[in-house]
Amino acid sequence: MFKSILKFYLIPGLVFMAWVVFMALPYSLPAARVYLDVDSPTAKKIPIVIPDFKNQGTVDAFLGDSAAVLLMRDLDFTGYFQMIDPKGFLGRPDEPGSIDFNAWTLTGADLLVKGSYRLEGAELRMEIRLYDLLQGRSILGKEYIVSSRDYPKAIHRFADEILFLLTGEHGPFQTRVAFISTTTGNKEIYSADFDGKNFRRLTNHHSITLTPRWSPRGNEIAYTSYKDGTPALYLLPVPGLHPTRVSNRPGVNITPAWHPDGESLAVALNHKGNSQILHLNRSGTAIQKLTQSWGIDVSPSWSPDGKQLAFVSNRSGSPQIYILNVSTHEARRLTFQGNYNVGPAWSPKGNLIAYAGRIGSQFQIFTIAPSGGEPQRLTSLGNNESPDFSPEGWMIIFTSNRHGKSAVYVMNSNGANQKRITFLNGEQFSPSWCPKKFEE
Amino acid sequence: MKAKQTGFWVLIVIFVVSGLFLTSCTKKDVKSEGIVSTPPTARDDEAEKAKKRVRIKEQEPSEQELRERALKEEEARRLKEAAEKARFESEDIYFEFDQYILSDSAKGNLNKKTQWLKDFPAAKALIEGHCDERGSAEYNLALGQKRADSAMQYLVSMGISANRLSTISYGKEKPVDTGSTETAWAKNRRAHFVLK
């Protein structure tokens with residue numbers, strides 16, 4: 001169902017044009033023209049103006065939000081752009097092929113997006129261009145032909161093109177997230193677009209259902225549910241209705257973490273009084289024992305190369321994050337500040353581990369280098385838990401109760417640009433960001 | 001035989017009544033300390049008399065009365081057992097924050113449960129491990145399991161067969177008190193017993 005019915009047909013000529021523009025950029029732009037350094041926490045936002053797209057046909061094509069509003073919302077979501085009100089444009093209306101760059105520059109914008117569209121039967125033909133106002137030239141151009149109701153997908157795709165051009169990073173605009181919500185009165189799994197929109201319920205277990213974790217290929221969710229009485233591990237195909245139970249060992253079968261190979265999982269099990277993290281294949285058979293202690297080992301997260309595993313253990317007396325070398329089975333302690341650090345998530349680039357650490361009576365989100373060192377605190381309002389990285393690693397999804405009940409929020413991985421994305425009834429917990437784009 | 005007995009009781013009654021009469025007549029004349037205790041004696045006689053009257057009745061309990069008495073005893077026994085069973089299920093054992101070691105009072109409670117399990121060798125129990133709302137949901141699932149395991153291991157060490165016991169962790173998913181106070185948290189950090 002998530003697999004898009006929509007098909008993108010790029011007109012060969014425009015593909016060529018976009019290709020030329022893209023390839024020509026390093027040469028045509030001054031060498032010093034760096035649009036955005038995403039790693040700089042103090043990076044200045046890029047002012048961008050996006051006037052309404054021009055209808056070149058006779059029928060209005062947009063059923064919901066206008067294309068310009070959607071594009072602004074996507075770019076604003078990243079926290080990297082400052083949206084300039086197009087009403088500030090005082091020049092004469094642009095004619096095709098002639099854009100009053102000076103007048104647009106006076107709005108305060110550095111970048112301009114202009115789009116036009118024409119509805120032809122059920123097909124929407126949309127052309128979108130990005131202009132560098134300081135250079136007075138187009139730096140990106142695309143034409144999309146989509147079924148009319150799927151125009152938001154073309155907009156998300158163009159937003160991603162803009163972001164990649166300016167930052168070298170892909171955006172989350174074509175991804176989905178999963179989380180637990182108590183909307184029905186029971187904890188069930190929901191999925192939604194990256195921005196919390198288009199949410200839907202994926203389970204109907206009428207039980208306690210916990211910790212959805214999206215597989216690397218995005219076609220399955222691993223989770224724990226009490227639906228058959230005990231906390232067992234299940235795999236749910238996405239899209240799909242019927243989960244498979246893969247582990248129902250005595251005790252708990254909790255906190256699944258997909259190995260980067262997408263074929264196996266690390267799972268916390270509690271067997272005969274011993275807490276341990278096992279490496280299970282996708283049918284639930286044990287591949288190897290990863291950790292074992294007389295206390296509690298739980299909440300694994302693999303490094304992107306699968307050679308290390310972050311996890312929580314109370315072997316020192318309180319819950320702390322440890323890192324296991326999978327081949328030597330040696331574990332070293334990573335966190336030393338605070339007496340309750342849990343829920344590690346390894347970033348897709350491998351350079352950061354996000355976790356929740358308790359300060360006073362509340363949890364806050366931190367990041368720390370896998371080699372150790374000083375943790376960076378990212379949140380301060382309310383209770384903040386359950387961090388997970390976006391596919392490209394520059395955003396973090398988490399839960400917060402800063403506005404009352406627990407809901408899902410996102411922020412940039414440096415803590416900037418924190419915003420709430422779920423507004424459902426009940427409370428939301430345990431978000432997981434799908435590592436795969438749904439358009440592919 | 002019956003007539004003879006009745007005659008005997010009539011004699012006794014006459015004797016007691018006349019004795020009463022005599023006592024009440026002489027009472028005001030008596031001043032010595034030794035005789036101050038006379039009225040109690042009289043009351044004792046009264047009680048004795050009542051007892052005897054009861055005894056007369058008791059000597060003829062009907063089948064019906066016997067049955068009722070047996071039923072009452074049975075009912076009392078059942079109530080007591082039900083109360084003990086209810087106590088087995090309702091008396092949780094409690095833990096400190098982020099701990100799963102058993103306190104002395106938890107062990108005391110478990111000792112009572114051990115005795116009950118020995119008295120009722122057919123009974124099987126499920127031990128639920130629970131946590132307070134502080135801490136992460138995931139870690140608390142593991143912690144709840146350790147709490148249930150601690151209780152089970154103790155019962156096994158006291159001689160209860162492991163195959164009569166099973167465990168489940170609910171982490172912080174099923175608090176008995178949804179408040180966010182020290183009192184609520186203390187109530188929620190528990191192992192709860194359910195008979196199967």
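Student: How do the residues lining the largest pocket divide by type?
Tutor: Ten are nonpolar, 21 polar and 13 charged. Here Asp, Glu, Lys and Arg are charged, Ala, Val, Leu, Ile, Met, Phe, Trp, Tyr, Cys and Pro nonpolar, and the others, Gly among them, polar. This is a predicted model, where local features need pLDDT of at least 70 and side-chain atom pairs 80 or more, while totals for chains, interfaces and linings use all residues. Residues are numbered from 1 along each chain, chains are lettered from A and ligands numbered from 1 as written, and side-chain values use heavy atoms, without hydrogens and water.

Student: And which residues lie nearest that pocket's centre?
Tutor: Glu385(A), Glu427(A), Phe429(A), Glu133(B) and Lys172(B), out of 44 lining residues. A pocket is an open set of points on a 1 Å grid over the protein atoms alone where a 1.4 Å probe fits, with protein on both sides within 12 Å along at least five of seven lines; lining residues have an atom within 4 Å of a point.

Student: Switching to His205(A): buried or exposed?
Tutor: Buried, because its relative accessibility is 16%, and the cut-off is under 20% (1.4 Å probe, protein chains only).

Student: What does its side chain pair with?
Tutor: The side chain of Tyr223(A), through a polar contact of 2.8 Å (N or O atoms within 3.5 Å, one able to donate a hydrogen and the other to accept it; sequence neighbours count only if both are side-chain atoms).

Student: Which residues does His205(A) touch?
Tutor: Leaving out residues up to four places away in sequence, Glu188(A), Tyr223(A), Ser225(A), Lys227(A) and Pro243(A), with contact meaning heavy atoms within 4.5 Å.

Note on methods
Buried means under 20% relative accessible area, exposed over 50%, partly exposed in between (1.4 Å probe, protein chains only).
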